[in-house]
Each structure stands twice: as structure tokens, then as C-alpha cells.
Amino acid sequence: MEIIKDNFRFLVIEAEGQLKLTYGLLSQFDLRVLEKIAAKDDYIDNLKTTIENACFSTIHSAKKALGQNDLNDIRALHVMAVNLERIADYCVNIGRQTRYLSDVGLLSRYDFKSMFMEIQKALAQISQVFAARELSGALAICRSEFQLDALYKQNFDRIMADLETGKKARDLVTVIFIFRYLERIGDAILNIGEALIFSIIGDRIKIRQVEALERTLSESGFEGNLVDIDFASIWGSRSGCRISRVGRKKPSGFKSQGIFKEGDIHKIQRERENIQRWDEIL
């Protein structure tokens, strides 16, 4: 496990390096930087493959059964490694798009800096959050995707308004592609954040489900951290709803157990009304 974690830390550092190089390329348009980005991509691909192989071989060659926490960590590390490699690929794609710009100064009219800063902030937290098992940090990484979506929308609207003038249309289309890759990096960051949540809680749960669970627990009188909760999926319905059992890991004043169901709000509201109706009949 330690070898996997060491390689994972190296992969995070390399992904951060690719991001910094890409930002430098968009700021200065030095073709030598583009060559560096392409050269580092092969090393990152190999590092991801090394982690992937180590994850599966650790599971299959373990002399004794791995504990559930170790299995959760391995699954999370694999998901995060895949998405870090994907982020590095998007950086390469952004670099390649710059070749199609006839006016390299056009990009400076739009706020790509804020998106890079948000991505960098998220990447810088990954190793620490994983090592410390910080749920709040994992949620912060997930929320970076929401911020990146908002920044992408702001820039997209500006670019579309400029396109309507009919000037520099080809360059503006290229600029849209660059911002689109930055937005897709946000999707990969969300996947990493949710993998971190999985390694901490021990079950697959999306950030919006976590937020809904936190609100529900707070309203029911629970005054603790989600890390203290025993959360386990027990059923996934064909309609896409997810049903989980929620309880306390350790004995405490909060002895209640309950069912957490997440899905289409209108469907769940109808089910709640039906349950109340049957309760009244009973």
C-alpha cells in the first residue's frame, strides 16, 4: 500500500506541474513550454498505469484478506489516479489548441486565470485530505467543480457575445475549446473529491447526497461528523433512487437508525405522502 500511496503523491505533483506549465503557456505562448507539456505526458501516463497495476496486484496477491478500509483506499486511489491522468491529458489538449490561434493576445481578454487558480487550489489539497481523511476537505474539493462551472459560464457568455460581432470567429471558437477543457478538468476534480469521500465514509455517495444527509441528520438532532456515521447502501432501485442505512458507528446519545433515500424529489414526496396515508389507515 505504501508504494501505491508514494506513487500517487508523485502523480499529484506531476499533475500540478502540468497545470502550471499550461497556465504559463497561455500567459506567454512560449512553444518550448508546449514541448515540455507533451514530454511530461508520457511519464504521467506511465505513472498512472503503475498505480493501476499495483492496485489490482495488491488485491489479488495479498497473503491475507485485506481489511475493508484498505480495499476502500485502493479503489479510491485507482479512481483518483485515472482522473489525475485525465487532467494531464486535458492540459495537453489545451496546449494543442493554442496552435490554431492566429491572435494569441485574444485569450487574455477572458478570465482563464481564475479557473487555473481554482484548479490549482483543489489539486494542492488532494494528498493532505487523503492522508488525514478530512471529510470537510473532500467536500471543498468537490465544490471546486461548482465554482469552475460558474466561471466557465461567465466566460462562455462573453465569448458568445463576441462571436455575434462576426470578428475573429475562428479564434473565438478555439478559445471556447480551451475553456471547455478547463471545465472538463472540473468534472475530473469532482470525481476525485467523491473518491475521497468514498475512502472516508466507506460508501459511494455524491456531494449533493452528502449535503442532503448532513441536513437530515442535523434536523434529527445529530451533533457530530459524518465520519462517525455508519452509512451503507442496501438497495438501488431501477428508477435511479438510492436507499441506504444510516446509524452511529460508536455508542452515544444518538442511538437512532434510519433509512436515507435519495432520488427524484417528486417521486420521493409522493412516496412520503403514501406512507403517511397508510400510517393514518393503520
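**A residue and a helix pair**

Guide: Ile197 counts as buried because its relative accessibility is 0% (buried means under 20% relative accessible area, with a 1.4 Å probe and protein chains only). This is a predicted model, in which local features need pLDDT of at least 70, side-chain atom pairs count only at pLDDT 80 or more, and totals for chains, interfaces and linings use all residues. Residues are numbered from 1 along each chain as its sequence is written, and side-chain values use heavy atoms, leaving out hydrogens and water.

Ile197 belongs to helix α6, residues 169-201 (helices are DSSP runs of H or I, at least four residues, numbered from the N terminus). Between the C-alpha atoms of Ile197 and Ala76 there are 8.8 Å in space, while 121 residues separate the two in sequence.

Now let's turn to another pair of helices. Helix α4 (residues 112-132) and helix α5 (residues 135-163) have axes that come within 10 Å and cross at roughly 170° (axes are lines fitted to C-alpha atoms over the stretch in contact, with angles from 0 to 180 degrees between N-to-C directions). Therefore α4 is roughly antiparallel to α5, the term for angles over 145 degrees.

On the α4 side, the contact (heavy atoms within 4.5 Å) is made by Ser114, Met115, Glu118, Ile119, Ala122, Gln125, Ile126 and Val129. From α5 come Gly137, Ala138, Ala140, Ile141, Ser144, Gln147, Leu148, Leu151, Tyr152 and Asn155. Sorted by class, the contact of α4 with α5 holds 11 nonpolar, six polar and one charged residues (Ala, Val, Leu, Ile, Met, Phe, Trp, Tyr, Cys and Pro are nonpolar; Asp, Glu, Lys and Arg charged; the others, Gly among them, polar).

Key. Helices (H or I, at least four residues) and strands (E, at least two) are DSSP runs, numbered from the N terminus. Buried means under 20% relative accessible area, exposed over 50%, partly exposed in between (1.4 Å probe, protein chains only). Angles under 35 degrees count as roughly parallel, over 145 as roughly antiparallel, 65 to 115 as roughly perpendicular and the rest as oblique.
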